[in-house]
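Please read the following report alongside the sequence and the coordinates. It moves from single residues to the wider features of the model.

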Amino acid sequence: MASWKVRYPLYQLGNPQLRIFRPNFFMTLVRPGVPQPEDTVQFRISMEMTRLDVKNYLEKIYNVPVSAVRTRIQYGANNKRNHKNQKVKIPDYKVAYVQLGQGQTFQFPNLFPEKKETTEPGSMEEIQKQFMENERQRQTADPRRGGVTDWFGL
Amino acid sequence: MAARPRRRLLTRFWLQAPPAACLSGLTLNLLHKNTTKVEPLYHCKFLHTTLSQKGLEEFFDNPQNWGETVVKSGDEWHAKHLRNKSNEDLHKLWYVLLKEKNMLLTLQQEAKRQHLPMPSPERLEKVEKSMGRINLVIQEREVALRLLQTGHEKPRPGEWRNDFLGRTYWYNYKEWPIPWYLNKKYNRKRFFYLPYVKHFIRLRIEKHLKKQARMKNLEKKKQLLLQKKFPHLAAQSQN
């Protein structure tokens, strides 16, 4: 988000269009909380950005065709308290719903798929894993007892 | 960027065919009257555009890195390396870093959402610092050029002024659409102090000098203590 303090020149009627060379505005693609239509992408943007800014940003920097943008400001709660009973404010943020052009669709992918842990045969991790497996087997009760605990004799 | 794996650009994870049923008549229109109405092209199933999602893919990392707990990344850009680059190169690098930061922010948010740790969060710091250094280098160049052309160091004009408490500070000029004598808020501000403030200026100077003397004394005392504790090291430092 635009964290560095930048002072823009005052605009008066007739002035040329303001252009920024190195924009420090960032956009976060988020997974929508409520299911959205397939061509809609949800972003969290800086408070100072407008719909036109979002459209230009995506078209110029990412080369993504944009047909429409809608924005809203999400209010962050101010009723939480920390361990010192001081009020803690959750920061507000702006959300942009971008509808892609040219019939494109978008589905938020799964960024944390479960991966198989493959360990090398001679490594330390393999030895540790083997050791833990052995310990776990020792802890389990004899299956021939049929779930009966050791408290009962025999 | 050193040792950064190249991303594959043509993967088609999210190119889905729109549903067969045409729902255009059933979508609730809760939007404001003036917003542009854009219905998704449900009826254009036969017009399947094979545009690969090159654009939005850049918000995500290389798919091979998804699910990893540690993602290797190279060193950050330092000022001395950036000073050797041209302005165009710095401009391009800025946008590369911007896209990288956007990618990392999306990853961070998704990790929070899934209650999982973000893989290699130090990448964010690296990118932020590199961007700060680019700004620094460009500002240095601008200052040098401005000094040669106009003789001024700062882009924004200003001057030293006194406030009503007798403190001297650098006042940056502000842009107003009206002249100063019509500016009510500005006219209420006092850039001068009355004679009774002189005594308090003197007290302030005293306080500042006392603090400096205290810090100097403390340093001296610490050095003496160290010399007493470790006399052999004092002899070494002299050599």
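## A buried loop residue

B:N65 counts as buried, since its relative accessibility of 19% falls under the 20% limit that the term requires. In this predicted model, B:N65 is placed in the loop of chain B that runs between α1 (54-57) and α2 (79-82). When its neighbours within four places in sequence are left aside, B:N65 is in contact with A:K115 and B:V71.

## Make-up of chain B

Chain B contains 7 helices and 2 strands, and when these elements are read from the N terminus on, their order is α-α-α-α-β-β-α-α-α. The chain has 239 residues, of which 26% count as buried.

Helix α4 of chain B includes B:V143, a residue that is partly exposed with a relative accessible area of 27%. Between B:V143 and B:L209, which are 66 residues apart along the chain, the C-alpha atoms are separated by 34 Å.

Which residues make the nonpolar surface patch of about 600 Å²? The patch is made by B:W176, B:I178, B:W180, B:Y181 and B:L182. Among these residues, B:Y181 is placed in the loop of chain B between β2 (168-172) and α5 (184-188), and B:Y181 is exposed, with a relative accessible area of 55%.

## The largest pocket

The largest pocket has a volume of about 1,300 Å³, and its lining is formed by 29 residues. Those that lie nearest the centre of the pocket are A:K5, A:V6, A:R7, A:Y8 and B:P155, a group drawn from chain A and chain B. The element that gives the most to the lining is helix α4 (residues 122-149) of chain B, which supplies 6 residues. B:V143, described above, is found in this helix.

## Salt bridges

A search of the whole structure finds 15 salt bridges over all chains. One of them is formed by B:E110 and A:R31, whose closest N and O atoms are 3.0 Å apart. B:E110 lies in helix α3 (residues 87-113) of chain B, while A:R31 lies in the loop between β1 (28-30) and β2 (40-45) of chain A, so the pair joins two chains.

A second example is the salt bridge between A:R136 and A:E133, in which the closest N and O atoms are 2.9 Å apart. A:R136 and A:E133 both lie in helix α2 of chain A, where they are 3 residues apart, about one turn of the helix. A:R136 is partly exposed, with a relative accessible area of 47%, and A:E133 likewise counts as partly exposed, at 41% relative accessibility. In chain B, a salt bridge is formed by B:R167 and B:D163, with the closest N and O atoms 3.0 Å apart. B:R167 counts as partly exposed at 42% relative accessibility, while B:D163 is buried, with a relative accessible area of 9%.

## Positive phi angles in chain A

Most residues other than glycine have a negative phi. Against this background, A:N63 has a phi near 60°, a positive value in a residue other than glycine. The place of A:N63 is in the loop between α1 (51-62) and β3 (66-74) of chain A, and the residue is exposed, with a relative accessible area of 67%.

A:Q102 likewise has a positive phi, near 55°, and is a residue other than glycine. The position of A:Q102 is in the loop between β6 (93-100) and α2 (124-139) of chain A, and A:Q102 is exposed, with a relative accessible area of 51%, a value that meets the condition of being over 50%.

Methods: Residues numbered from 1 in each chain as written. Chains lettered and ligands numbered in written order. Predicted model: local features only at pLDDT ≥ 70, side-chain atom pairs only at ≥ 80, totals over all residues. Heavy atoms only, no water. Patch = residues over 30% accessible without salt bridge, like charges linked within 9 Å, V, L, I, M, F, W, Y side chains within 5 Å. Areas by Shrake-Rupley, 256 points an atom, 1.4 Å probe, with all protein chains shown as cover. Salt bridge = Lys/Arg side-chain N within 4 Å of Asp/Glu carboxyl O. Helix = DSSP H or I, 4+ residues; strand = E, 2+ residues; numbered from the N terminus. Buried < 20%, exposed > 50% of the residue type's maximum accessible area, 1.4 Å probe, protein only. 1 Å grid on protein atoms, 1.4 Å probe; cavity = no way out; pocket = protein on both sides within 12 Å on 5 of 7 lines; lining within 4 Å. Points joined across faces, edges and corners; volume = space filled by probe spheres on them. Contact = heavy atoms within 4.5 Å.
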